[in-house]
Amino acid sequence: MILDEADNVGLALEELKKGDIIRSEISNIVIREPIEFGHKFAIKKIKKREKIIKHGEIIGEATHDILVGEHVHVHNVRSLRATVKNKGNVH
Amino acid sequence: MKEDLSGYWNEDGRAGVRAHVVALPLSSFCNEAVERICDSIAGVIPLTHAFGRNEFGLNKQRLDSSLLKTPLNPNVHSVLVVGYEPKSTNEYLESFRRLSKKRIESVVLSEAGTLETIRQGARKVLELAVSCSERKREPINFGDLTFGLKCGGSDTTSGIASNPAVGQATDYIIDKGGTAIFSETTEIIGAEHILAKRAANKAVAKKIYAVAKSNEELAMSHGVDLVGTNPVPDNIKGGITTIEEKSLGAILKSGSAKVSDVLDYEQSPPARGLYFMDSPSAAQAVLTALVAAGCQVLLFSTGTGNPVGTSVSPVVKITANPMTVAKMSEHIDVDISAMLNGRMKLTEASRNIISATISIINGRVTKAEALKHREFAPLPAGL
């Protein structure tokens, strides 16, 4: 499921396995690792420090490069708000 | 949809959807006496808590506010106060009587000891319970009600299904002349710009940015990284990565109405419409604050499930997560999980929420009421 056309992540509405193919209007996405129900995966290539977009809004930034079909979660995304490490980013 | 609503008219012209007798300890020393009194007399609700001695500053303000305003909720018919010593008990009674004509009785524990307090308290509350049982339901309208909106145990399904459905139900309530309050300041961080666009005027938009900023600064002043505190581990397990993501889903429960104003902690809305209340975010603390602000009914959307209830107001628990329906059915009042595979549309889901809410207003017990989940949590200042 993709919530907004600006999004670079999709949502798994069922558990996805490595090798599953998600067909969308633009391209087919090959899932690279197991994605739990309700979790996010990259639908575009995301570079380190690039913003993660869901609901058409910024939900954080990538801490590593993320490939299409990879799990997107706390291991490769950080919040831009109220995180002690990121004091400089708070407006 | 059948829309006849009924409730109990109080002398002050406000309507309750329940008529409860409550027993309130002013200090945690009095909890035992209050619990024994409530064991003895049917239908009396204990408002026990862990505080009431030596608090100061903002903690004392918040505690005093919760202790005074919870029994003022229109769902409360009458009150027994169990104080520890005469001075603070009398001050409480004076403040209460300045604000309400409700029946209030009191016992002071330091004057008599726990056993005698139980005997005197039980006798007094027995009379209140008999008088309360004579109350009759009469017609009321949405305009007589304030709804509290809360999401808890959030996961991905909250942001894409249950919060949007509650949001549409909120729009319906506001259209019908009702009032609604949403809250949890931490959970607007990252979504302030969207709420600010819905503010009734520039001053309200400014207040929205200001409360979010001060909440964020409070977190950072404690050296706290919000990840792990909010979102909590069950949010993260459910697929929520950051506070921004959680907030963008959370604000959807407030629907699309204009935000009339930002209320202080436990402040009652001055007029009808939709309000935001500045408050902490833990479920039991927010619900306590919403009840103290006068909410007679609470709509609670959950992803991973949450058992919480309140002392005096019914909590309508709504989920769109099929696994939660399977695991936690005794905590769910409205199952809208068919939204996820497209078998239930948003409008149908919100109609189901409204229809269940109307039944609950009219007396159907919620799962939390049936399970006696009566969390009452006046909390020290925090996130």
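Analyst: Lys253(B) is buried, because its relative accessibility of 2% falls under the 20% limit. The model is a predicted one. Glu184(B) also counts as buried, at 0% relative accessibility. The side chains of Lys253(B) and Glu184(B) form a salt bridge, with N and O 3.3 Å apart. This pair links distant parts of chain B, 69 residues apart. Lys253(B) lies in the loop between α9 (243–250) and β10 (259–263), and Glu184(B) lies in the loop between β9 (179–182) and α6 (192–197).

A second pair in chain B joins Glu369(B) to Arg18(B), and the closest N and O atoms are 2.8 Å apart. Here 351 residues separate the partners: Glu369(B) is in helix α13 (residues 367–370), Arg18(B) in the loop between β2 (15–16) and β3 (20–25). Glu369(B) is partly exposed at 22%, whereas Arg18(B) is buried at 8% relative accessible area.

In chain A, Arg78(A) meets Glu61(A) in a salt bridge of 2.9 Å, N to O. Arg78(A) is partly exposed, with 23% relative accessibility, while Glu61(A) is buried at 3%. Both residues are part of one network, in which salt bridges with shared partners also join Arg49(A) and Lys51(A).

Over all chains, the search of the whole structure finds 22 salt bridges, and the pairs described here are among them.

How values were computed
Residues numbered from 1 in each chain as written. Chains lettered and ligands numbered in written order. Predicted model: local features only at pLDDT ≥ 70, side-chain atom pairs only at ≥ 80, totals over all residues. Heavy atoms only, no water. Salt bridge = Lys/Arg side-chain N within 4 Å of Asp/Glu carboxyl O. Buried < 20%, exposed > 50% of the residue type's maximum accessible area, 1.4 Å probe, protein only. Helix = DSSP H or I, 4+ residues; strand = E, 2+ residues; numbered from the N terminus.
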